[in-house]
Amino acid sequence: MDYYLKVKDVSKSFGKFQALQNTTFEVQEGELVCILGPSGCGKTTLLRVIAGLEEQSSGQIIQQGREITNLPPEQRDFGIVFQSYALFPNLSVKDNITFGLKTRKQSTKIIEQRLSELLSLIGLEYHKNKYPSQLSGGEQQRVALARALAPSPGLLLLDEPLSALDAKVRQFLRLEIKNLQKKLGVTTIMVTHDQEEALSMADRIILMNKGVIEQIDTPQDLYSKPQTSFVADFIGKTNLFKATKKSDHSLMMFGQIFECHQSINHNEIIVAVRPEDIIITEEVSNKDTISGIVKEIEFLGSYSIGLIEINHNNQRENLICHLPLDNNAHNNLKKNSVVNILLSPQSLKIVNH
Amino acid sequence: MIKSKDDYHTIFFIGITATYIIATLALPMYAILSKSIENKDGIFIGLSNYKYYFSNPSLFYSIYNSLFVSIVSTVISVTLSFMFAYALTRSCIKAKPFFKTIAMIPILLPSLLAGIALIYLFGNQGIFKELMMGKSIYGPIGIIIAEVFYTFPHALLIIITALSIADARLYEAAKVLRSSPIRTFFTVTIPSAKYGLMSACFVVFTLVITDFGIPKVVGGQYNVLAIDVYKQVIGQQNFEMGAVVGVILIIPALLAFIVDRIVQKKQISILTARSVIYVPKKNKTFDLLMLLYCSFIALIILTILGICFYASLIKFWPYNLSFSLKNYQFDLMDGGGWGSYYNSIKMASYTAFFGTIIVFTSAYFVEKARTFKTARITMHLLSMMPMAIPGMVLGLAYIFFFNNPNNPFNFIYGTMAILVICTITHFYTVSHLTAITALKQIDNEFESVASSLKQSFYKMFFSVTVPISLPAIFEIGIYFFVNAMTTVSAVVFIYGPKTNLASVAVLNMDDAGDIAPAAAMGMMIFYTNAFVRISYVIITKKVLVKFQQWRTN
């Protein structure tokens, strides 16, 4: 057994609507995996199925070698934190955290010990007798985290845990949760729609769209090696163009031949190019270059964004590129000036449709 | 998915409450329906009873009378309460809480008492008899005035809610667009309060058409459907014909209920998170007019209450006006004596206690259970049904159902238990909705958190849900208590010799000509209900606050 949790072919439909289609993935022990995707992509449903709060239509879930597919939530081993915190408003911080400890026939001494351990873990030692309404949003979220961790679950599920917080608190808690998770080594699955959050926190990201997993990869690979046009478009900014195959490592785009490092398998392909990989050049006769007209320049501080129109056979394509400030060529660019664009072989990524 | 212990408990509780509602509502209703198509010997005769009823012009006329007084009372009551609600929400008059409290007084009285007050005011020996200009208070005039008094607070509460949810930005927009106040009233105020107004109309209409106390006291010879049921059953012992009129009485009540439900569904939340709450601005003339209006209405309500208070404390109206407590010596009169008052207290307490437990527990499962969606929806629909059934019809149905020797629960007939059960069922829907509203405000993820922490829902229920819902739970208990004290219609057919009730005693003493003692007993009911209400306010202000510190920041 080389995985901690395995989700195998899980599907879920609500009436005619298919929320999940044959989702399959594995999570290693101690890993922090983010399920990322636009709203309505099925990511929360997937988390709720793993928790047993929602019943899958088909498929199998295995946790630590034990099949949990048909177990009700109370017979599974997980702790969960919701976006709304779901703290019990009439119970103090202390009673909230120890809510899951009391009936386990543990002595008060052990419970007290665990409580102070958790309180120091989340840094709220002096607030243990306060009620949730007396705490800030970030503090409430940490209490919810401590409550979920109290019975030392094998799996921690986080459902958009930071979405209800201010941007600054969010950034701070992002780091804090990540460090806490690494310190405790608890296997964690977090659902989020915020790609920055996923990129900065996750060991691996499961990117979902319309109930289907598009790609599972490390943040770095997800960004630099998108496998589908959806992934390329969803993570960061991307230019997507249609192209046709010429040979294994060259393709036809804008009526011109470009070389490409990746090998090409299909005749009709989609090419993704990141804005920062595009180079404006003064050399004219390079074989990987094409000319275009600057349509807009948007100043964004450390760099500008250029919108360039490429015209071939009376078909117009728009292209977005980054223009770093330190490049002299960029400073002279004006609206409607003609420029040469270098699309190097390593900048062209072939993605699935 | 494998069922957990919690799931089995859920289905067990839903099963119990569903059985309760089926046994106390659906089966009795079936009994009354089948009774209406039988003859005296219990043989099926199809619709003959109905044919007989409709061919009898004097009986048929009571349908017309019922509709007439109901519609007129509805128009007057909703108009008056709309103006009152408008004053309370859109003017800057002082003493709003005072006016609102006065306006709620009729809820604490049995409806009959308003009729008795009218007799003292405008009857043959009334103080203001001349104002009637030769017309008699006995008949439609008396019924309509008393019904307006009785239904006023019910309509008022609904309309206040509707008017409180105004978005100030709409009024600012209207002002910027130079709309006249009248035009703003008809294009902004009325449309946003539309559903509340409609709902108030249906509620008042149903209350009036199914009320039986008021027509009994001031109706004179003027027959309405509810009186017909009473006469057929109590007067002529013709149960089959009573069942027929009862079934006919359900139709308008059921129609009003269904239309109201449809209207309620259309009412989407007008007030969004971005809305700005409307705050009325000072306007001397308008505020003065509204103050005069509210004072006038308050004066009428206090007069009606005051005349009963006064009449109950004097020797002999209108000849000997000296102070006396002899009208409170109920044991010297027919109607059950002080025993009926104590019975009422007992009955109301049991109803409040058991009713609250049943309603809140079942509402909890309907709203919060994780599984058994179909069962929960069915349960919710069943819980809505009692609203559509007039109290008299329910009471009559209980005779047919529980007095049947084949019914294993036959033994509860004539006991306190049947009164409590009937009253709980009669007032089930409003309590259920109160509980559902309170539970909806509690985060649905609480149950998920509890199960992830491997805690049973019992622990969750008692340590979190109940403490959070305490205000709503008390509200339900008081609603049950007050209504159990004042109700006549639901219990008039099923009280027994040992279970006479105060509200029924008012009816019977009035019937026997002992009007002053009837007023005195009515006042006892008022004192009791007022005491409970005031105690509740004090308890919530002083005691509950102590246990609910978590609510305040």
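What follows is a friendly set of questions and answers on the model.

This is a predicted model, in which local features need pLDDT of at least 70, side-chain atom pairs count only at pLDDT 80 or more, and totals for chains, interfaces and linings use all residues. Residues are numbered from 1 along each chain as its sequence is written, while chains are lettered from A and ligands numbered from 1 in the order in which they are written.

Reader: Which element of chain B has the highest mean pLDDT?
Author: Happy to start there: pLDDT is the predictor's confidence in each residue, from 0 to 100. Chain B averages 88, and 97% of its residues score at least 70. Among its elements (helices are DSSP runs of H or I with at least four residues, strands are E runs of at least two, numbered from the N terminus), strand E2 (residues 320–323) has the lowest mean, 81, and the highest, 95, belongs to helix H16 (residues 416–426) of chain B.

Reader: What separation do the centres of the two domains of chain A have?
Author: The bounds come from an automatic or database domain assignment. That assignment gives domain 1 (5–226) and domain 2 (237–351) in chain A. Taken over C-alpha atoms, their centres are separated by 41 Å.

Reader: How many residues on the side of chain A that touches chain B are nonpolar?
Author: Two residues are in contact if their C-beta atoms, placed from the backbone, lie within 7 Å. On that basis 26 residues of chain A and 20 residues of chain B take part. Ala, Val, Leu, Ile, Met, Phe, Trp, Tyr, Cys and Pro count as nonpolar, Asp, Glu, Lys and Arg as charged, and the others, Gly among them, as polar. The chain A side has two charged residues, nine polar and, to end on your number, 15 nonpolar.

Reader: Is Phe254(A) buried or exposed?
Author: A residue is buried if 20 or more other C-beta atoms lie within 10 Å of its own, exposed if 12 or fewer, and partly exposed in between, with C-beta atoms placed from the backbone. Phe254(A) sits in the loop between strands E12 (250–253) and E13 (256–259) of chain A, and has a positive phi of about 50° although it is not a glycine. Because Phe254(A) has 21 C-beta neighbours inside 10 Å, it counts as buried.

Reader: Why does Lys210(A) count as partly exposed?
Author: Lys210(A) also has a positive phi, of about 50°, without being a glycine. Its place is the loop between strand E9 (204–209) and strand E10 (212–217) of chain A. Lys210(A) counts as partly exposed because its C-beta neighbours inside 10 Å number 15.

Reader: Which residue takes a positive phi in the hairpin of E1(A) and E2(A)?
Author: Strands pair if DSSP finds at least two bridges between them. E1(A) and strand E2 (residues 17–27) of chain A run antiparallel, joined by seven bridges, and Leu5(A) stands opposite Val27(A). Two residues lie between the strands of this hairpin, and the positive phi, near 60°, belongs to Gly15(A).
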